[in-house]
Amino acid sequence: MCGIVGLFLKDAGLQPELGALTRTMLGALCDRGPDSAGFAVYGAEIPGHVKLTLRARKDFDWDLPLRPLADICNALPRATMRDTHAVIAVPADKEAAIRGEIARADGVEIVGSGRRMEVFKEVGRPDRVAERFGLAAMAGTHAIGHTRMATESAVTTNGAHPFTTGPDQCLVHNGSLSNHNAVRRDLIRNGLAFQTENDTEVAAGYMTWRMREGASLEQALNAMLVELDGFFTFVVGTESGFGVLRDPIACKPAVMAETEQWVAFGTEYRALVDLPGVENAEVWEPEPARVYRWERH
Amino acid sequence: MPTIDLAKTTLRELNAALHRLAPDGGEVWRVLNPRGQHAVAAGIDAPVTVEVDGHVGYYCAGMNKQATVVVNGNAGPGVAENMMSGEVRVRGDASQAAGATGCGGLLVIDGNASARCGISMKGIDIVVKGSVGHLSAFMAQAGHLVVLGDAGEALGDSLYEAELYVRGEVESLGADCVEKPLGDAHKAVLVRLLNAAGVGNEVDVASFRRYGSARKLYHFHIDNVGHY
């Protein structure tokens with residue numbers, strides 16, 4: 001099971017509605033993954049800044065880790081608290097110092113970073129998770145989301161999707177990988193760090209590693225077809241784009257739809273039924289072992 | 001003509017009403033706003049016609065007996081799964097495992113069907129006007145799969161006695177599936193099925209190639225006795 005949604009807006013006029021549309025899509029797939037949910041939203045860039053998504057326990061006192069950052073940034077960084085997560089925008093040239101400071105703080109960790117990506121995930125019913133983070137009010141160019149029915153690792157916040165292992169890169173997965181331990185060992189040798197025993201995190205790490213070595217999103221996805229063994233439908237997000245890949249056997253369902261205004265992915269058509277103009281959309285099933293991608297220019 | 005709007009009526013109420021129909025009824029029902037829901041018009045056993053306007057999710061018209069179910073849209077995985085008799089027509093595309101395990105009746109897909117079309121079919125006739133995906137007719141036991149377009153990898157893998165007809169390219173044949181001559185009896189079958197699908201006048205039956213089981217996988221060969 002598990003459910004995936006993805007929405008890439010071609011019409012800038014829809015950007016204020018990105019979160020609301022994504023929330024509806026995610027809510028439609030609650031029954032495919034009632035364990036936990038998560039999403040990444042690619043919102044506005046703040047020139048010269050990097051966004052760090054932080055995570056802590058519920059009712060955490062954010063003041064404690066954030067106050068010392070004022071000394072590094074010469075002012076308190078701009079922060080948006082959303083339930084167990086907070087997104088702070090910090091000057092790009094201070095990122096390393098800030099990461100060091102946050103690493104010293106108790107009970108908080110950096111779970112995502114990038115010029116535009118903000119990433120949120122929690123245990124619980126997907127519609128409630130979306131509500132807790134205020135997804136409906138978020139704006140941006142593209143978003144991907146996931147509803148999880150756990151099979152390969154525990155139901156924890158860390159085990160929820162999306163997984164992000166590099167700046168502005170994230171990945172969601174429906175399926176299970178069988179060679180993830182071997183691939184993880186190789187990637188660790190190549191300098192990647194992993195937080196979980198989860199198979200999907202390895203796929204995200206593999207994509208990050210390939211792109212760090214100079215591959216385009218398309219090249220990275222094609223390499224994943226060769227190197228990753230198992231069942232998968234992946235939807236990935238990067239700073240400028242959105243990609244879809246299904247394994248050659250294509251056990252996991254997938255539907256795509258496109259209009260002049262948007263391109264959308266859903267594990268089932270149910271996820272797409274409330275998108276504006278869907279009744280006139282081109283609707284198709286993505287082919288196995290074929291890379292699909294859309295990028296902003 | 002009863003019209004059921006699934007934006008107002010639950011799917012369960014629709015299916016319960018269809019299940020209550022007398023086995024000799026003959027109405028035409030219209031279903032609106034299916035919005036990708038699962039099991040729309042599944043389990044009917046009455047000579048009713050159900051027209052569904054929109055895309056449906058998993059298992060539409062599953063286990064169908066007698067009824068004619070028309071989907072004016074796309075169908076999700078397992079459309080007409082385990083159909084016993086009657087007709088199911090999909091005006092758009094069908095997802096994976098269309099007509100899976102079907103024992104009888106006719107499934108017509110106007111568009112394409114994706115992977116595993118007719119998997120383990122047991123007597124159903126399937127006509128796909130477009131193309132079918134990989135592993136179609138996997139372990140198919142009886143019935144006919146007619147494809148006007150192309151077939152993906154491993155067509156008819158581990159095939160039993162279903163008969164496969166493809167007009168376009170076959171990417172590859174699965175284990176124990178071989179091409180066989182297209183005789184007059186086979187052409188007569190094609191004429192009957194193409195007429196039933198409404199394209200009898202548009203398609204030349206001689207343009208099809210026939211595939212069937214080499215019968216080497218499911219029969220014991222004395223040459224292999226040493227392997228046991």
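How many bridges join β11(A) to strand β12 (residues 241-246) of chain A? The two strands are joined by 5 bridges and run antiparallel. Two strands count as paired if DSSP finds at least two bridges between them. Helices (H or I, at least four residues) and strands (E, at least two) are DSSP runs, numbered from the N terminus.

The structure is a predicted model: local features need pLDDT of at least 70, side-chain atom pairs count only at pLDDT 80 or more, and totals for chains, interfaces and linings use all residues. Residues are numbered from 1 along each chain as its sequence is written, while chains are lettered from A and ligands numbered from 1 in the order in which they are written.

In chain A, β11(A) and β12(A) form a hairpin with 3 residues between them. Within this pairing, Val236(A) has Gly243(A) in β12(A) as its bridge partner. Strand β11 (residues 230-237) of chain A also pairs with strand β10 (residues 169-177), in the antiparallel sense over 8 bridges. There, Ser176(A) is bridged to Phe231(A) of β11(A). Strand β11(A) is mostly covered, with 6 of its 8 residues buried. A residue is buried if 20 or more other C-beta atoms lie within 10 Å of its own, exposed if 12 or fewer, and partly exposed in between; C-beta atoms are placed from the backbone.

Chain A is divided into domain 1 (3-43 + 122-295) and domain 2 (45-115). These bounds come from an automatic or database domain assignment. The C-alpha centres of the two domains lie 25 Å apart. Each domain of chain A gives 8 residues to the contact. On the domain 1 side, these are 2 nonpolar, 2 polar and 4 charged residues. Here Ala, Val, Leu, Ile, Met, Phe, Trp, Tyr, Cys and Pro count as nonpolar, Asp, Glu, Lys and Arg as charged, and the others, Gly among them, as polar.

The largest nonpolar core has 78 residues. Such a core is a set of buried Ala, Val, Leu, Ile, Met, Phe, Trp, Tyr and Cys residues joined through C-beta atoms within 7 Å. Among the members that touch the most others are Val5(A), Cys170(A) and Tyr206(A). Helix α7 (residues 199-212) of chain A gives the most to this core, with 6 residues. The core lies between domain 1 and domain 2 of chain A, because both give residues to it. Cys170(A) touches residues including Ala40(A), Ile144(A), Ala204(A) and Val236(A), not counting residues up to four places away in sequence. Contact requires C-beta atoms, placed from the backbone, within 7 Å. A second, separate core of 73 residues includes Ile44(B), Leu107(B), Ala115(B) and Leu193(B).

In chain B, 11 strands form an open sheet of mixed pairing, in the order β1-β2-β3-β4-β5-β6-β7-β8-β9-β11-β10. Strand β8 (residues 142-147) and strand β9 (residues 163-166) of chain B pair in the parallel sense over 4 bridges. Leu145(B) stands opposite Leu164(B) in β9(B).

Back in chain A, Ala139(A) is found in the loop between α5 (126-133) and β8 (142-148). Ala139(A) counts as partly exposed because it has 17 C-beta neighbours inside 10 Å. Its C-alpha atom is separated by 5.5 Å from that of Gln15(A), 124 residues apart along the chain. Leaving aside neighbours within four places in sequence, Ala139(A) is in contact with Gln15(A), Pro16(A), Leu18(A), Gly19(A) and Gly43(A).

Key
Two residues are in contact if their C-beta atoms, placed from the backbone, lie within 7 Å.
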